[in-house]
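Dear colleague,

Please find below the sequence and structure that I am handing over to you. My notes on what was found follow directly after them.

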Amino acid sequence: MKKNLVILGATGSIGRQTLEVVENLAADYRIYGLTAHHQGALLSTQIRKFQPAKAVVTAAEQYQSVLAATPEWAGQLLAGPEGLIELVTDPAVDVVVSAVVGAAGIRPTLAALEAGKKVALANKECLVAAGELILAALEKEKTAALIPVDSEHSAIFQCLQAIAAPDLKQVHLTASGGPFRQFTTQQMEAITPEAALNHPTWQMGGKITIDSATLMNKGLEVIEAHWLFGLSYDRIKVVVHPQSIIHSLIELVDGSLLAQLGPADMRLPIQYALTFPERKGNPFSRLDLYQLSDLQFYPPDGARFPCLELAYAAGKAGGALPTVLNAANEEAVRAFLAGEITFLGIPRLIEQVMNEYDKGINRDLNLETILAVDAWARRVSRQYLPG
Ligand code: NAD
Ligand code: MG
């Protein structure tokens, strides 16, 4: 029987690639639900093509136009963030691809796990901001599962299938280093949003592209790895690898390294998250080994890219400090793209907000306190912004 699949954030970079993957897995999956925020027109096109049972448009002003653009569709259109919860907890749903961007992914991802669904996770922000809650839901619900989509975590997950858990010493997350890897601090002061949105190896949504340029993406991924694989922070290393061919490595107790390699194409990790523990053929591009003449590896430069260190610090401190880091980063990226702060203003703002947070405030982490800390960090971030 076909599995019913929901894609949260179907109109985004990961969402659209998931639809390509599923077209290739059509014998196993039915598109049951699709969601979008502002991109009502693209959602309408997807609804007409895939005829899902349900769709959700979270930005309310798009609701009528999506309805008007899908007159022959027999499914149900839901609205707002509550619509996401209703969709993922629908008893007919088997698998949820969590691919909205940012902390907006916390509630629906958590709700899907609490309803015992299998979740293919691209939305790393929900693990950063609410890792403890996600893990608790996973532990409680026997049928719930969390499979990584992020390419580095998929690489580690794939390598881990080959070993016994006690044999793992540590993991090495690879980072492309982004477009400004070789910039001096002075050059970095003048970075424009246009330059930062131009990633050397990956085609992605705007927010993660800026995160890749600041190395905050790698910082978020370090915290993501901590929760996904149950590793302390001293067992999670980062190595800059500009070619993005090795997607990450695991190091075993005897010194052996296992790596996963592939083209910079998210469709493979998306497909693996859906077919795991099986594998399926596909028509996607393959790596040409003869083209791999020069693979490079460097240590990350914490002085020029402070975001990575801020993320390690937040992760090690624990509690709700990663929630603060994540929310302040989302506000900082928004402000940078709007021309309100400079590129180097991004880590400065995040550090200011982290310094203001008193860890003692929220000892008791639950959904309500996490969302309150998220809102607090956004308010404080805005107070620091000019104008
Ligand atoms: P994107 O900006 O291209 O797409 C985001 C999707 O989320 C869109 O469908 C949008 O409509 C929806 N959305 C935006 N704001 C929302 C809100 N407030 N409520 C509900 N839905 C909302 O982003 P993306 O690049 O596809 O990234 C999605 C997630 O996957 C991010 O967490 C990112 O870090 C992660 N990720 C992306 C890639 C990649 O290659 N793009 C790789 C690894 C991980
Ligand atoms: Mg990644």
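In which loop does Pro-277 lie? The loop in question is the one between α12 (267-275) and α13 (306-317). Before I go further, please note that this is a predicted model, and the values below should be read accordingly.

Backbone geometry

The peptide bond that leads from Phe-276 into Pro-277 is cis, and its omega is near 5 degrees.

The seven-stranded sheet

One open sheet consists of 7 strands with parallel pairing, and their order is β4-β3-β2-β1-β5-β6-β7. At its edges are β4 (76-79) and β7 (145-148), each of which pairs on one side only. From one strand to the next, the twist averages 20 degrees. Within this order, β5 (residues 95-98) and β6 (residues 118-121) are joined by 4 bridges in the parallel sense. In that pair, Ser-98 has Leu-121 of β6 opposite it.

The four-stranded sheet

Another open sheet has 4 strands, arranged as β9-β8-β10-β11, and here the pairing is mixed. Its edge strands, β9 (236-240) and β11 (257-261), each pair on one side only. Neighbouring strands in this sheet are turned against each other by 25 degrees on average, with direction ignored. Strands β8 (residues 168-175) and β10 (residues 246-252) run antiparallel, and 5 bridges link them. One residue to look up in this pairing is Leu-173, whose bridge partner in β10 is Ser-248. As a general point, the strands of a sheet pair through backbone hydrogen bonds, in either a parallel or an antiparallel manner.

The surroundings of ligand 1

Ligand 1 is surrounded by 23 residues, of which Thr-11, Ser-13, Ile-14, Glu-125 and Gly-205 are the closest. By type, the residues of this shell comprise 11 nonpolar, 9 polar and 3 charged ones. Several contacts involve oxygen atoms of the ligand. A polar side-chain atom of Thr-11 is 2.7 Å from an oxygen atom of ligand 1. The backbone also takes part: an N or O atom of the Gly-9 backbone is 3.3 Å from a ligand oxygen, and for a backbone N or O atom of Gly-12 the distance to an oxygen atom of ligand 1 is 3.1 Å. On its own, ligand 1 would expose 830 Å², and the protein buries 87% of this area. Two or more residues of the shell come from each of the helices α1 (13-24) and α6 (124-140).

Salt bridges

How many salt bridges does a search of the whole structure find? The search returns 20 salt bridges. Among them is the one between the side chains of Lys-207 and Asp-211, with an N to O distance of 2.8 Å. Both Lys-207 and Asp-211 belong to helix α10 (residues 206-214), where they are 4 residues apart, or about one turn of the helix. In general, side chains of opposite charge can pair when their charged atoms come close.

With kind regards

Key:
Residues numbered from 1 in each chain as written. Chains lettered and ligands numbered in written order. Predicted model: local features only at pLDDT ≥ 70, side-chain atom pairs only at ≥ 80, totals over all residues. Heavy atoms only, no water. Pairing = 2+ DSSP bridges. Axes fitted to C-alpha atoms, helices over the stretch in contact; angles between N-to-C directions. Near = heavy atom within 4 Å. Polar contact = N/O pair within 3.5 Å; in protein donor to acceptor, adjacent residues only side chain to side chain. Areas by Shrake-Rupley, 256 points an atom, 1.4 Å probe, with all protein chains shown as cover. Nonpolar A, V, L, I, M, F, W, Y, C, P; charged D, E, K, R; others polar. Salt bridge = Lys/Arg side-chain N within 4 Å of Asp/Glu carboxyl O.
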